Amino acid sequence: MSLTVPEKGWFKAPTGSERLWIGLALAWCMVLTLMMPFWHLRGKQNSTGEAYRVKPADFAARVARFVDANKVGELAGITVVAPAPGTDIYLQAQMWRWYPVLKLKKDQTYRLHVSSLDLQHSLSLQPMNMNFQILPGYDHVLTVTPTMAGEYSIICNEFCGIGHHMMVGRIIVEE
Amino acid sequence: MSTIAIAGTPQASEPPANVAGNHPAGAVRKCDTTGLPVCKTAERYVKLNAVMAVVFLLVGGVSALLLGLTRWPSVHLLPVDWFYRILTAHGLNMLIFWIIFMEVAILYFVGTTLLNSRLASKALAFTSFAMMLTGALLVNAMVFTGRADVMMTSYVPLRAHPGFYLGVILFAVGTLIGVINFFATVYIAKRDHTYEGSVPLVAFGAIAAAIIAVVTLLHGAIVMIPAFLWSLDLIGQPDAAWYRLVWWGLGHQSQQINVAAMVSVWYFLAHITTGAKPLNQAVCRGAFVLYILFINIASAHHLLVDPGVGATWKIWNTSYAMYLAVLASMIHGFTVPASVELAMRKKGFDKGLFGWLFAAPWRNPGFSAFFLSLVIFGFLGGITGVTLGTQQINIIAHNTLRIPGHFHTTVVGGTSLAFMGLCYYVVPLVFRREYAWRGLVRVQPYVFAAGITLMALAMSFAGSYGVPRRHWDIEFSGAPFSPGFDAAAHFMMGLVGVGAVVAFIGLLVFILLTVHAVFLGRSNEGRAMTAW
Ligand code: HEM
Ligand SMILES: [Cu+2]
Ligand SMILES: [Cu+2]
């Protein structure tokens, strides 16, 4: 019993239904284990964690250059940029805004660089509900191909201070 | 019948080597109910730690209600600054202070009573308790005065007052000292030959929990000391990715302490309420060993969408290792109910496939808390956990309410509920006081389980619509754009509020009845506890 020392000879192999269960459970664990790499190769959405070290000031400078080169207008007081398909594009997280607004083309692939100038943030694309952690000092690179036209919101879902709930950005995908 | 029957009380055929144990004269009493030896020093510290656990549970519980009422969209109670402050307080008081004070109490009880030993050191027990209490009070002082609005994770570069980190460090070192005292007790029990052969299963589980605790607390030291020095401007800011990696070595592994402790409590309660005996001890013990070996790398599932750690690393750490720890839980999830079934059938409740289950002592709050904990943890907690730990699914779950939805079924519906069930025996057996309003006690586990299950499921559904965790306002007032969540998501947030209120009522009933029993309950000294 569980409160007193076990009887002598307690160390023995499982039998009967217990043994069967352990076998089934182990087999199931193996299936799950194999599914991990399988989905990584088969599935279309992965987080590869591709990232490069970057100083926040350097990242801000890159973003500024990117915005200057590609700006096409303004939305809710935030600059809108329309970069060329296939290029490197930038998104800056900062207490408490996402900058700039990105205007992308459907079915085109971009390398999206995201980093933070201050605290940790988390990029949550809605309504797709896809989420990636954004850290200061790391240029997180996401290879993205929008497949549906429309307007998407980016909310921040890592606590980043009192204005955390106001940190909402926008990505526009055009045909 | 006024005594609890403990099936399989030590048989004459298996006497411990040194029946008298190693207690100095007058330092031990015999439990009037179970006949087990109780070391009086250990008993004092079991009481002190358990009382503090319940005090912090109250702080965390009131916070929980406020949080639930704020995330309920049509109530939206707290102002923004207090929401995050209370959220920080809730996480720390619940996950750290309530749970760990309780676990130290469990270690002292197991090390002395089950191993028939004295507590190794009174001085260490005192030092540990004093440091833990000071640390917990300091942390709470910092949080409630608004000097540590950083959540329990305190992810750098968020920065709190140095007192906050100091409090956490004091608490962690105090815990480590308590764990060392436990190991010292295990050692002297072995040395003095106070028991024969292998340690009892519940003690084995506790030792597993304590081993994981040491590894966990080392991670805690590695990450909190630099954070503390940085808050004093003595060193530069620790790297954000490094901090997350090491912090989760603390944060995730501490969950495995909770699981190992909870499973030990399951074995304890299953036995004391139904007389259950494990089918095969080698299997149960082997499963605890799997926890020790494979849980560390599973911490990786907190970093599945992080930059800086590659895909291979993510896949290796989550899949290969995680599933062996999952296997351990699947084994316990079989052996524990199977042992109850066997015990019930032996008692003659042998009708049909589930006759034993219907005949189980559902009116005994120790049993219902244990069994509900088993079901909630095993089904809801286990399934959500394995799902969320999948690399691709994590993309659609990270930092959404699915995450708190998951862990309120593990550490709350699982561990905390099991600990409540334990209290229904600890108070009569250790404090030697009886619970009053016993009808209320009998329904408490059901109310709490229902509330937590409702809240956790609603959180999970809301999270799958994208509703973020740690978020004050899903209307996004003041934001340049509004994502406008689905109406179903808002409805789910209302259910989160309702579930939180129900769970809070269950929690409050537990706390009030327990505090009443401890301080004003009828004494049962000199006779067996009143059976549940
Ligand atoms: C009456 C019982 C409880 C209720 C109603 C409750 C409710 C909540 C709510 C509403 C949140 C906020 C979720 C969010 O907005 O992100 C939360 C967070 C949390 N709860 Fe509970 N809770 C309860 C008990 C517990 C217990 C017993 C524990 C631990 C043993 C616990 C651990 C946590 C943790 C770790 C967090 C996350 C804090 C953070 O994000 O930093 N809760 N809880
Ligand atoms: Cu943010
Ligand atoms: Cu944020």
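Student: Which residues does B:Thr70 touch, leaving out those up to four places away in sequence?
Tutor: B:Thr70 touches B:His76, B:Leu77, B:Leu78, B:Phe83 and B:Trp472 on that count. Keep in mind that this is a predicted model.

Student: Where does B:Thr70 lie?
Tutor: In helix 1 of chain B.

Student: And is B:Thr70 buried or exposed?
Tutor: Buried, because its relative accessibility is 2%.

Student: What does the side chain of B:Thr70 reach?
Tutor: The backbone nitrogen of B:Leu78, at 3.2 Å. B:Leu78 is also one of the residues that B:Thr70 touches.

Student: OK, on to ligand 1. Which residues come nearest to ligand 1?
Tutor: There are 25 residues around ligand 1, and B:Arg71, B:His90, B:His408, B:Arg469 and B:Arg470 come nearest.

Student: What kind of residues make up the shell around ligand 1, nonpolar, polar or charged?
Tutor: The shell divides into 18 nonpolar, four polar and three charged residues.

Student: How far is B:Arg470 from an oxygen atom of ligand 1?
Tutor: A polar backbone atom of B:Arg470 is 2.6 Å from an oxygen atom of ligand 1. As for the elements that give two or more residues to the shell, they are helix 1 (40–71), helix 2 (80–114), helix 12 (402–431), helix 13 (438–464) and helix 14 (487–520) of chain B.

Student: Which helix gives the most to that shell?
Tutor: Helix 2 of chain B, with six residues.

Student: Now the iron atom of ligand 1. What are its protein donors?
Tutor: B:His90 and B:His408, each through NE2, lying 2.0 Å from the iron. B:His90 lies in helix 2 of chain B and B:His408 in helix 12 of chain B, so the pair ties together parts that are 318 residues apart in sequence.

Student: What's the geometry at the iron atom of ligand 1?
Tutor: Octahedral, with angles of 86 to 180 degrees among six donor atoms.

Student: Switching to copper. Which residues are the protein donors of the copper ion (ligand 2)?
Tutor: A:His121 gives ND1, A:Cys156 and A:Cys160 give SG, and A:Met167 gives SD, lying 1.9 to 2.5 Å from the ion. In sequence these donor residues are spaced H-x34-C-x3-C-x6-M.

Student: Why is the arrangement around the copper ion (ligand 2) tetrahedral?
Tutor: Because the four donor atoms subtend angles of 96 to 127 degrees. All angles have to lie between 85 and 135 degrees for four donors to count as tetrahedral.

Student: How far apart are the copper ion (ligand 2) and the copper ion (ligand 3)?
Tutor: They are 2.6 Å apart, and A:Cys156 coordinates both.

Student: Are A:Cys156 and A:Met167 buried or exposed?
Tutor: Both are buried, and A:Cys160 is buried as well.

Student: Back to chain B. Where does B:Leu372 lie, and what does it touch?
Tutor: B:Leu372 lies in helix 10 (residues 365–388) of chain B. Not counting residues up to four places away in sequence, B:Leu372 touches B:Gly413, B:Leu417, B:Pro445, B:Tyr446 and B:Ala449.

Student: How many residues apart along the chain are B:Leu372 and B:Ala449?
Tutor: They are 77 residues apart, with their C-alpha atoms separated by 6.9 Å.

Student: Last one, A:Asn70. Where is it, and is it buried or exposed?
Tutor: A:Asn70 has its place in helix 2 (residues 56–70) of chain A. A:Asn70 counts as buried because its relative accessibility is 19%, and the cut-off for buried is under 20%.

Student: What does A:Asn70 touch?
Tutor: Leaving out residues up to four places away in sequence, A:Asn70 touches A:Val80, A:Val81, A:Ala82, A:Pro83 and A:Ala84.

Terms used. Residues are numbered from 1 along each chain as its sequence is written. Chains are lettered from A and ligands numbered from 1 in the order in which they are written. This is a predicted model: local features need pLDDT of at least 70, side-chain atom pairs count only at pLDDT 80 or more; totals for chains, interfaces and linings use all residues. Side-chain values use heavy atoms; hydrogens and water are left out. Donors are N, O and S atoms within 2.8 Å of the metal (3.2 Å for Na, K and Ca); water is not among the atoms, so sites may look incomplete. Four donors count as tetrahedral if all angles lie between 85 and 135 degrees; four count as square planar and six as octahedral if opposite donors are over 155 degrees apart and all others between 65 and 115; anything else is irregular. Buried means under 20% relative accessible area, exposed over 50%, partly exposed in between (1.4 Å probe, protein chains only). A residue is near a molecule or strand if one of its heavy atoms lies within 4 Å of it. A polar contact is a pair of N or O atoms within 3.5 Å; within protein, one must be able to donate a hydrogen and the other to accept it, and residues adjacent in sequence count only if both atoms are side-chain atoms. Helices (H or I, at least four residues) and strands (E, at least two) are DSSP runs, numbered from the N terminus. Ala, Val, Leu, Ile, Met, Phe, Trp, Tyr, Cys and Pro count as nonpolar, Asp, Glu, Lys and Arg as charged, and the others, Gly among them, as polar. Contact means heavy atoms within 4.5 Å.
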